[in-house]
Amino acid sequence: MKRKVYITTAGLLAFLIVWAVPVFDRQQPFTVVIDAGHGGRDPGSIGSATKEKTINLAVALKLGKLISDAHKDVNVIYTRKTDRFVEVVERANIANRHNADLFISIHTNSVKKASNVKGAETYTLGLAKTQENLEVAMLENSVILMEDNYEQRYEGFDPNSSESYIIFEYLQNIYLEQSISLASGIQNAFASAKRINRGVRQAGFLVLKATSMPSVLIELGFISNKDEEKYMRSEAGQNQLAKSIYTAFAKYKNEYDLRQSYPDNSHPAKAHNEELPAASAANGQVIYKVQILSSDKKLSPASPKLKGYKADCYEENGLYKYTFGESTDYNAARQIQKKVSEDFKDAFIIRTRNGKRLKSNEK
């Protein structure tokens, strides 16, 4: 019988505090951490002819090589490059210690029934909306049971108890927009490679929760399906999977570089509790705004997540996105961004016209 887990308000706060991730200033070069799930004494899911840990590592190494070969300005870090066991919290700590800009965790799915299920899916951090998503998170999180003192390290979190996952309802993921962007790119690349696209999903993965940067967890396919297992253990299949993820990474990195490409100047930015003058939007003029966070729920103006900022809100792709300040001068917007980054590390500039956000390729 599974033991029940009761999370009190005090316990919830303790869990959030213990798992709070450090905030660092971003530095060059761009760093991506590639996490091959499982390893060593933890085989992950087991197929008829191979193990998940083997597939994950093969694809992770191929992905890293593709990135290193094509992007000399990118620092590629692996959580493991051999068949060894790495604790969940240490995987995230590796990314945090290297002040990574991106975390990609690679896994292989499995189901006990319906062995004909196939396809790839990519997860971002969040509360699981379906029982299926919850079960995937439970399967991946259960690796902590192999760790010493896991009950103390994870504050009594039981990966096999649905009650424990209530914690994810209260977490604010300030990297949600970037994570979803990368996840969508990965799924689109899989679809272009004729893989069955099971979409972008959300669930409570401990390894994603502990990272302090945009993060995704990829389920390459179902090892419980013999055809998929054969594909994923083949050299050709692994190359195609790695190339699809790389294609999405390259697009993400290009967009990141575009956001960083404008020069700074010395104009002072105003404090966040001062009123900023609204920019004129006459004649369809481009207005620059600083986006500070995204949320899947609408926040009240007094929400502590806004940290006292008088933010504006717009809705896009089912998310509520909050901006602070605006200007027709990009350099002035950069100064606002620089100031608010003290409170919102991942703040970035967006362009708008007539109240609507412009895409990166729109003039």
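## Basis of the description

This is a predicted model, in which local features need pLDDT of at least 70 and side-chain atom pairs count only at pLDDT 80 or more, while totals for chains, interfaces and linings use all residues. Residues are numbered from 1 along each chain as its sequence is written, and side-chain values use heavy atoms, with hydrogens and water left out.

## Overall make-up

The protein has 10 helices and 11 strands, where helices (H or I, at least four residues) and strands (E, at least two) are DSSP runs numbered from the N terminus. Of its 363 residues, 50% are buried; buried means under 20% relative accessible area, exposed means over 50%, and partly exposed lies in between (1.4 Å probe, protein chains only).

Among contacts with a separation of 6 or more, 79% are between residues 24 or more positions apart, a contact being heavy atoms within 4.5 Å. The protein exposes about 17,600 Å², of which carbon and sulfur atoms supply 51%; accessible areas come from the Shrake-Rupley method with a 1.4 Å probe, and for residues only the protein chains shown count as cover.

## Nonpolar cores

A nonpolar core is a set of buried Ala, Val, Leu, Ile, Met, Phe, Trp, Tyr and Cys residues joined through side-chain atoms within 4.5 Å. The largest such core has 34 residues, and those with the most contacts inside it are Val 32, Ile 104, Leu 220 and Ile 245. Two or more residues are given to this core by each of β1 (30-36), α2 (52-70), β2 (74-78), β3 (102-109), α6 (176-192), β6 (215-222) and α9 (235-260), and the largest share, eight residues, comes from α9.

Leaving aside neighbours within four places in sequence, Ile 104 is in contact with Val 32, Val 33, Ile 34, Asp 35, Leu 63, Leu 182, Val 216, Ile 218 and Ile 245. A second, separate core of 30 residues includes Tyr 123, Leu 125, Ala 137 and Ile 144.

Asn 56 is found in helix α2 and is buried, with a relative accessible area of 0%. A polar atom of its side chain lies 3.1 Å from the backbone oxygen of Gly 37. Not counting residues up to four places away in sequence, Asn 56 touches Ala 36, Gly 37, His 38, Ile 106, His 107, Thr 108 and Leu 220.

## Salt bridges

A search of the whole structure finds 21 salt bridges, each being a side-chain nitrogen of Lys or Arg within 4 Å of a carboxyl oxygen of Asp or Glu. In one of them, Glu 87 pairs with Arg 153, the closest N and O atoms being 3.5 Å apart. Glu 87 lies in the loop between β2 and α3 (88-97) and Arg 153 in helix α5 (residues 150-153), so this pair ties together parts that are 66 residues apart in sequence. Glu 87 is partly exposed, at 25% relative accessible area, and Arg 153 is also partly exposed, at 29%.

The side chains of Arg 357 and Glu 177 meet in another salt bridge (2.8 Å, N to O). This pair links distant parts of the chain, with Arg 357 in strand β11 (residues 356-357) and Glu 177 in helix α6, 180 residues apart. Arg 357 is partly exposed, with a relative accessible area of 28%, whereas Glu 177 is buried, with 13%. Elsewhere, salt bridges that share partners join Glu 121, Glu 132, Arg 198 and Arg 201 into one network.

How values were computed: Polar contact = N/O pair within 3.5 Å; in protein donor to acceptor, adjacent residues only side chain to side chain.
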